[in-house]
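Subject: Structure for you to look at

Hello,

Here is the structure I said I would pass on. Please look through it first; my notes follow below.

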Amino acid sequence: MTAHGDTHEHHEPGLQHQFEDMHQQEESVSIGMWAFLAQEIMFFGGLFTAYLVFRWRFPMAFAAGSNHLDEFMGGLNTLVLIVSSLTMALTVYYAQKGNRTLQVVMIVLTMLFGATFLGVKAIEYTDKYNHGLVPVTGWNKKVKEDVSAPHVTEQDCTQVGHGDGDDHYVNPKGEFQWKDCSLVKLAQDHNYLTEDEKIGYFTNGEIDANKFRDKVRLFYYIYFVMTGLHALHMIIGLGVMLWLLWKAWIGTFGPKYYAPVEISGLYWHFVDIVWIFLFPLLYLLGRHFLH
Amino acid sequence: MQEVSAISGNSVPADEPKLNYINNGHTLKSWLLTKDHKRIALMYLVSVSAFFLMGGIYAGFIRLELLTPASDLLETATYNKVFTQHGILMVFFFLIPAIPAILGNFLLPLMIGAKDLALPRINLLSLYIYWIGGIITLWALMQGGVDTGWTFYTPYSTTFSNSYVMAVGIGVFINGFSSILTGLNFIVSIHTMRAPGMTWFRLPLFVWAHYATSLVMILGTPVVAITILLVAIERFARIGIFDPAIGGDPILFQHLFWFYSHPAVYIMILPGMGVISEVIAGFSRKRIFGYEFVAFSSIAIAVFGFLVWGHHMFVSGQSIFAGLVFSFLSMVVAVPSAIKTFNWTATMYKGSISYDTPMLYAIGFLGLFLIGGLTGLFLGSVGLTVHLTDTYFVVAHFHYVMVGGQVIAYLAGIHYWWPKMTGRMYSEFWGKISAMLIFVGFNLTFFPQFILGYMGMPRRYASYPEELQVLNIFSTAGASVLGFGLVMPVVYLIHSLFYGKKAADNPWMHPGLEWRTSSPPPTENFKEMPVVTWEAYDFGEESGLDLEDARKREAVTI
């Protein structure tokens with residue numbers, strides 16, 4: 001573990017001044033990255049805690065919100081990321097082997113998958129924008145008042161909800177929209193509601209569409225913060241990969257010096273793993289209430 | 001001690017300074033783009049001191065306002081901003097970085113026998129992040145400041161406050177990463193950069209304390225970072241999980257906030273404990289009593305510190321059962337601190353104690369930390385705390401730990417290692433005077449606050465009933481003494497830079513590795529890789545550190 005006593009007159013490529021030898025340097029950057037990832041887990045941990053607390057309190061609202069996420073898109077993205085983890089692992093492998101060509105190919109593929117993920121995410125975000133599901137007022141598509149459209153009242157809970165061709169609601173300010181309370185009724189009939197829900201969705205014993213909308217909005221708030229921060233990590237990851245690509249292109253890495261590839265790989269895998277947790281929590285849990 | 005004798009026999013004339021980390025490069029670039037941990041530490045010293053001064057000025061305004069019962073000097077709204085900004089500057093920009101970023105940065109590589117920290121560029125990055133976070137915060141303060149209290153409690157901070165919560169929040173958020181990167185760097189360095197022979201149980205306790213601190217830094221800070229980010233988003237988007245009006249939970253904020261901010265008090269005090277271990281063992285000229293216990297009690301504090309956050313929320317509506325568990329765990333976390341205090345005292349027992357300035361501070365620390373710690377037990381008891389919550393008793397308690405503990409330890413450390421950092425000796429006479437003034441001024445300021453709090457004076461108010469004025473006058477008088485005592489080191493330490501006696505490489509004749517290189521150290525720390533063959537705090541006869549011998553040697557060379 002400790003530094004080695006021999007003085008180093010020879011200078012290996014990539015060895016920084018504070019280290020005695022490559023072994024010490026590799027060990028240091030590797031421990032550093034693991035410590036950084038521990039930090040990242042705690043960073044996302046706060047969000048996961050918030051998610052769990054509110055899911056525990058308002059399972060119906062979270063199920064309703066979750067149902068509007070596209071599980072196909074989410075599944076596709078999961079697949080894309082898992083494959084990108086494979087190409088990333090192969091990048092490390094070829095760096096160790098000193099195979100420059102395949103290293104570059106694998107980095108390009110990894111970046112391609114990363115970009116695909118972000119593209120799919122952008123499509124999903126656009127869908128939320130079009131359907132008035134962004135929790136921030138003014139950040140949704142503004143739908144002008146249309147006299148020919150059937151009149152929709154705020155308190156109307158009989159609407160079937162989004163995704164069934166009800167694009168004719170009015171939303172001049174771009175507010176968050178949610179009118180479908182069918183899940184609350186269903187849960188009420190089967191006595192599924194939690195104590196918090198019995199207070200949180202009702203006014204004077206009647207289902208209150210606005211109060212239910214606020215809870216669904218909480219789901220979307222958490223959804224956007226979590227996936228947004230995850231996407232930010234992906235973008236940083238792509239930046240790191242770009243740097244790696246340049247370094248690999250000029251032939252920096254080989255059997256003796258591949259630590260940067262390895263720790264970038266650790267980071268990339270970590271971002272993937274966060275998604276592996278986000279996908280079931282946000283897209284899958286609770287769907288069975290409606291299906 | 002071969003190094004010392006080699007240097008005293010050196011043929012370099014005394015008036016021509018040796019190449020060291022300070023005179024190795026004089027351009028601004030050589031400082032701003034340095035990777036040298038010692039230069040980064042000095043830049044931290046200047047920046048952190050500036051924030052300490054600002055926080056101190058705010059404290060002065062608080063005490064002046066509280067001189068009279070009515071709110072006459074400051075309007076109540078202004079007073080809210082003043083105590084908030086005092087808290088934010090002191091906690092996030094002084095207490096947390098002070099010892100790790102200044103003394104830790106400077107000493108850790110020296111103590112473990114390394115050329116630098118493992119990740120020097122990350123170290124420089126942490127300084128820049130600190131500056132960026134600080135500038136954003138200062139900008140927000142100049143725009144009009146913030147009035148939420150340093151705790152940013154929701155829903156006031158998210159929904160109702162009309163001050164610059166978002167800007168300050170982002171400043172604190174960014175600053176947090178400076179602390180994370182410092183902690184990360186320390187952990188890596190302690191694992192991989194130790195010199196040959198420097199085993200884990202030969203590490204100075206300062207290093208152990210910093211290891212524990214670093215654990216808290218990298219596991220706690222991100223949680224408060226995300227929490228403050230959520231507060232900022234919530235203010236910006238007008239929606240969020242802390243807003244009770246839409247089913248959000250303000251208590252969740254308190255949980256997330258204190259999950260970091262309670263361990264954060266250990267970020268503040270643990271490095272101070274490390275300093276005290278060094279100083280007490282050194283100036284008692286004795287191996288520390290129960291080395292392993294002191295080392296592991298640091299780790300125990302870091303671990304248990306994560307399990308006690310609920311004692312900040314006894315009256316926030318958490319369940320009584322949760323309260324009991326948190327109360328019990330809070331008693332448990334007091335045990336390792338008590339172990340340390342007993343061991344320091346036992347170290348002094350039959351030691352050959354010399355009352356140099358650092359030791360005066362350290363002895364002051366023992367008394368003040370004892371009072372701070374024991375009153376913490378009062379506040380950790382579920383029943384008693386209902387009476388004391390949000391009173392000046394709490395204020396006095398955490399100032400006894402934070403100022404009486406951390407700041408005093410910080411000053412002890414600065415005085416102890418000043419000769420090493422600058423190569424100059426300060427005036428011992430003025431050092432002792434200031435140490436005693438600070439001790440007296442501190443007690444005069446904060447002891448009356450225990451009584452005020454017990455009598456029911458609430459914290460964070462600009463006015464109070466007239467019958468409480470006498471004790472408040474004591475407190476303000478004490479604050480002036482304390483303030484004067486704190487300005488004195490600034491004066492004589494800066495004076496010493498220009499007129500101070502040149503420091504020997506080992507002015508205290510102490511055994512740590514940092515004393516076995518020149519003062520100030522060369523950029524690469526050691527001429528050659530040191531090989532450690534001795535145990536920590538080895539004052540044994542064969543160590544060559546006998547004070548009498550040393551004085552004789554000194555007399556001969558002069």
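I begin with a pair of helices in chain B. Helix 3 of chain B passes helix 4 of chain B in a left-handed crossing. This is a predicted model, so please read everything here as computed from it. Helix 3 of chain B covers residues 37-65 and helix 4 of chain B covers residues 76-112; their axes come within 8 Å and cross at roughly 155°. Because of that angle, helix 3 of chain B is roughly antiparallel to helix 4 of chain B. Sorted by class, the residues of the contact between helix 3 and helix 4 of chain B are 25 nonpolar, five polar and two charged.

Next, the contact between the two chains. Chain A puts 38 residues into the contact, and chain B puts in 38 residues. On the side of chain A that touches chain B, helix 1 (22-57) and helix 7 (209-249) of chain A each supply at least two residues. Helix 1 of chain A gives the largest share of that side, 18 residues. The side of chain A that touches chain B consists of 19 nonpolar, 15 polar and four charged residues.

Then the cores. The largest nonpolar core has 208 residues, and those touching the most other members are A:I222, B:I112, B:I276 and B:A412. Helix 8 of chain B (residues 205-237) gives the most to this core, with 21 residues. Another core, of 11 residues, lies apart from it and includes A:I107, A:M241, A:Y258 and A:V261. If neighbours within four places in sequence are left aside, A:I222 is in contact with A:A50, A:Y51, A:F54 and B:I241.

Now chain A by itself. Chain A has eight helices and two strands, in the order α-α-α-α-α-α-β-β-α-α along the sequence. Of its 291 residues, 36% count as buried. Among the contacts in chain A with a separation of 6 or more, 75% join residues 24 or more positions apart.

Helix 2 of chain A (residues 59-67) is largely enclosed by the rest of the structure, because eight of its nine residues are buried. The buried residues of helix 2 of chain A include A:P59, A:M60, A:F62 and A:G65. Among the elements that cover them are helix 1, helix 5 (182-189), helix 6 (195-200), helix 7 and helix 8 (259-284) of chain A.

Regards

Conventions:
Residues are numbered from 1 along each chain as its sequence is written. Chains are lettered from A and ligands numbered from 1 in the order in which they are written. This is a predicted model: local features need pLDDT of at least 70, side-chain atom pairs count only at pLDDT 80 or more; totals for chains, interfaces and linings use all residues. Two residues are in contact if their C-beta atoms, placed from the backbone, lie within 7 Å. Helices (H or I, at least four residues) and strands (E, at least two) are DSSP runs, numbered from the N terminus. Ala, Val, Leu, Ile, Met, Phe, Trp, Tyr, Cys and Pro count as nonpolar, Asp, Glu, Lys and Arg as charged, and the others, Gly among them, as polar. Axes are lines fitted to C-alpha atoms, for helices over the stretch in contact, and angles run from 0 to 180 degrees between N-to-C directions. Angles under 35 degrees count as roughly parallel, over 145 as roughly antiparallel, 65 to 115 as roughly perpendicular and the rest as oblique. A crossing is left-handed if the near helix is turned anticlockwise from the far one by less than a right angle, and right-handed if clockwise. A nonpolar core is a set of buried Ala, Val, Leu, Ile, Met, Phe, Trp, Tyr and Cys residues joined through C-beta atoms within 7 Å. A residue is buried if 20 or more other C-beta atoms lie within 10 Å of its own, exposed if 12 or fewer, and partly exposed in between; C-beta atoms are placed from the backbone.
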